[in-house]
Amino acid sequence: DPRGIYRCETESKKQIRPLQVHYRMCQNCIEVDAPTISGIVVADVVATIFLAVAVYCITGQDKGRMSRGEGRAPLALRWGRE
C-alpha cells in the first residue's frame with residue numbers, strides 16, 4: 001500500500017516539504033497489461049470487419065429487384081408536358 005508521507009531530498013541533502021499521499025486501491029481490480037489491451041483492440045477490429053462484411057453481403061443480395069419508383073417518369077417531367 002503506497003499511502004504515507006514522502007520527502008524528497010536534493011543533491012545537497014536538503015529536504016523539501018513533505019508530501020502526503022492518499023491512495024485507495026479497489027478490492028476487485030483486474031490488472032490490465034499490454035497484451036490484454038492489444039487483444040481487446042484486435043478482437044474489436046476483427047468484429048468490426050466481420051460486421052461490415054455481413055452488412056455488405058446482406059444488402060448486396062437485393063440488386064436484382066426493382067424498387068417501386070424505377071421505370072416511371074419523374075413527376076416534374078409528366079406535369080410539364082400536359
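**From contact to surface**

Modeller: Start with a pair of atoms: a polar atom of the Thr48 side chain lies 2.8 Å from the backbone oxygen of Asp44. Keep in mind that this is a predicted model.

Biologist: What makes the Thr48 and Asp44 pair a polar contact?

Modeller: The cut-off is 3.5 Å between N or O atoms. The pair lies at 2.8 Å, so it falls within that limit.

Biologist: Where does Thr48 lie?

Modeller: Thr48 is in helix 1.

Biologist: Why is Thr48 called partly exposed?

Modeller: Its relative accessible area is 47%. Buried needs under 20%, and exposed needs over 50%. Thr48 is in between, so it is partly exposed.

Biologist: And why does Val41 count as partly exposed?

Modeller: Val41 has 48% relative accessibility. That also sits between 20% and 50%, so the label is partly exposed. Val41 lies in helix 1, which covers residues 34–60.

Biologist: How much of the chain counts as buried?

Modeller: Of its 82 residues, 0% do. The chain exposes about 8700 Å², with 59% supplied by carbon and sulfur atoms.

Biologist: What pattern does the chain follow along the sequence?

Modeller: The order is β-β-α-α. That gives two strands and two helices.

Definitions and conventions:
Residues numbered from 1 in each chain as written. Predicted model: local features only at pLDDT ≥ 70, side-chain atom pairs only at ≥ 80, totals over all residues. Heavy atoms only, no water. Helix = DSSP H or I, 4+ residues; strand = E, 2+ residues; numbered from the N terminus. Buried < 20%, exposed > 50% of the residue type's maximum accessible area, 1.4 Å probe, protein only. Areas by Shrake-Rupley, 256 points an atom, 1.4 Å probe, with all protein chains shown as cover. Polar contact = N/O pair within 3.5 Å; in protein donor to acceptor, adjacent residues only side chain to side chain.
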